[in-house]
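This report concerns the pockets, the cavity and selected helices of one protein model. The sequence and structure follow, and the discussion begins with one side-chain contact.

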Amino acid sequence: MKQVIRNSKISGKINAPESKSEFQRALAIALLSNYESHLTFNACFADDVKFAINIIKDLGADVNINRNKIIIKGGINILNENLNVGESGLGIRMFAPIACLSNSKIVITGLGTLKTRPIDMLINPLKSLGVSIKTTNGLLPINISKSLLGGNAELDGSVSSQFLTGLLIALPKAKNDSIIKVKKLKSIPYIDMTLDILSRAGVRIEHNSYKIFKIKGNQIYKPLNMKIEGDWSGAAFMAVAGAIGGKISISNLNQNSKQADVKILEALREAGAHFSFNKTTLSVNKGKLKAFNFDATHCPDLFPPLVVLAANCKGISKIKGVSRLTFKESNRAVVLQAVFFKLGINISIEGDIMIITGGVIKGAEVSSHNDHRIAMAAAIAGINSTQDITITGAECVSKSYPDFFKIFNSIK
């Protein structure tokens, strides 16, 4: 599917979609409660959430969706030994340890670029915790047998915190207590999110500065009753749209969220954008934008909207955390360079720093590279482009923000 974006002024009021990061975690935790959990939400499901719902059904949850509420009766009782996580990196890393709580032989597969993303970091830790696991040369599919028993394990958190999230959710249900030692943990806010939702379900986990996690086994998961927050990852694009193109109000947001991408507010402030908060509504107005420096090491999904913001700033902006971009839906560092080069914006990389020179955005036809955040970045870039920007493969936004183009077009 192609989308054509024309130069436009931004004005309107919208609701942020649900956080797929929080939604997927809540679904996984509700699965492990033998009680009835209630999750409420406002918007439609992202693709990653749909696959997560299918997985908890396959693992034994009874799921009833009624308008804006999901009622989940949890409990591991394998109904399908072949699990498909779609293209969700969180899905594969989170549900692999959870699936290991069963005594069944499980095969986990995925789609698209997930097939080429390395998952060998799961192997040794899970083996240390009692699991028999095999990958296909470090890639999908994964074959699992023998249960997750608990114990001691070490893992490298420099590529992703998602596998640690899976262990933190699964190990409280293991037979034995566990101690997990973690090196070089990145995306710490996502671990805070996981721990917060677990605490709502009555699960207790201790940690020492995110380096050593102590987890009691045989814990009881209470019913999880919560409203899924609005998504700061998707809202970041719309906030940048307001900052570079006019004004926008975005509702359904928590200013004190544990989501990593709430940090977009810091970048907007640094760049000189005007914004304010009224309860759950963020209002952003165009200001005289200037170059900024920002550390996105713990919130790498902000790179695409931050590049658009930097392209519209006067001067040279620097964003730290390039090393976090290699194993996303695309190699985002390389793809952002290629896409914005076609749009007339120079991006260079020096070590872990991305350097963006603000300038005039020109029209071009660019590929999404089947990466939802690249597609959204190209769309927002079109607000101030001198000519039309055509995005091929634009349908990939359904992974996280199915109504993105519908909503974006409504504020132009």
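Which side chain is joined to that of Asn252 by a polar contact?

## Asn252 and its surroundings

The side chain of Asn42 is the partner, and the polar contact with Asn252 has a length of 3.2 Å. The model is predicted, and side-chain atom pairs count only at pLDDT 80 or more. Asn252 belongs to the loop that runs between strand E15 (246-251) and helix H8 (264-271).

Is Asn252 buried or exposed? Its relative accessibility is 12%, and buried means under 20%; Asn252 therefore counts as buried. Leaving aside residues up to four places away in sequence, Asn252 touches Ala16, Pro17, Glu18, Asn42, Lys227, Gly230 and Thr280.

## The largest pocket

The largest pocket has a volume of about 400 Å³. Its lining comprises 31 residues, and those nearest the centre of the pocket are Arg93, Arg117, Gln162, Asp301 and Lys328. Helix H1 (20-31), helix H3 (89-99) and helix H11 (372-381) are the elements that give two or more residues to this lining. H1 gives the most, with four residues.

Two or more lining residues come from each of strand E2 (10-15), H1 and helix H12 (404-410).

The lining of the second largest pocket divides into 12 nonpolar, four polar and three charged residues.

## The cavity

How many cavities of 30 Å³ or more does the structure hold? There is one, and the volume of the largest cavity is about 30 Å³. Its lining is formed by Arg93, Met121, Asp156, Val159, Ser160 and Phe163. By class, these are three nonpolar, one polar and two charged residues.

## Helix H1

H1 gives residues to the linings of the largest pocket and the second largest pocket. Why can H1 be described as largely enclosed by the rest of the structure? The reason is that 12 of the 12 residues of H1 are buried. Among them are the charged residues Lys20, Glu22 and Arg25, together with Phe23, Leu27, Ile29 and Leu31.

The length of H1 agrees with expectation, because its 12 residues should span 16 Å at 1.5 Å a residue and its end C-alpha atoms are 16 Å apart.

## Helix H2

Helix H2 (residues 47-58) has 12 residues, which should span 16 Å at 1.5 Å a residue; the end C-alpha atoms are 17 Å apart, which agrees. Its buried residues are Asp48, Val49, Ala52, Ile53, Ile55, Ile56 and Asp58.

These buried residues pack against H1 and H3, and also against strand E4 (62-66), strand E5 (69-73) and strand E6 (82-84). After H2 comes Gly60, which has a positive phi, near 125°.

Methods:
Residues are numbered from 1 along each chain as its sequence is written. This is a predicted model: local features need pLDDT of at least 70, side-chain atom pairs count only at pLDDT 80 or more; totals for chains, interfaces and linings use all residues. Side-chain values use heavy atoms; hydrogens and water are left out. On a 1 Å grid over the protein atoms alone, a cavity is a set of points where a 1.4 Å probe fits but cannot get out, and a pocket is an open set with protein on both sides within 12 Å along at least five of seven lines; lining residues have an atom within 4 Å of a point. Grid points are joined across faces, edges and corners, and a volume is the space filled by probe spheres set on the points. The expected span of a helix is 1.5 Å times one less than its number of residues. Buried means under 20% relative accessible area, exposed over 50%, partly exposed in between (1.4 Å probe, protein chains only). Contact means heavy atoms within 4.5 Å. A polar contact is a pair of N or O atoms within 3.5 Å; within protein, one must be able to donate a hydrogen and the other to accept it, and residues adjacent in sequence count only if both atoms are side-chain atoms.
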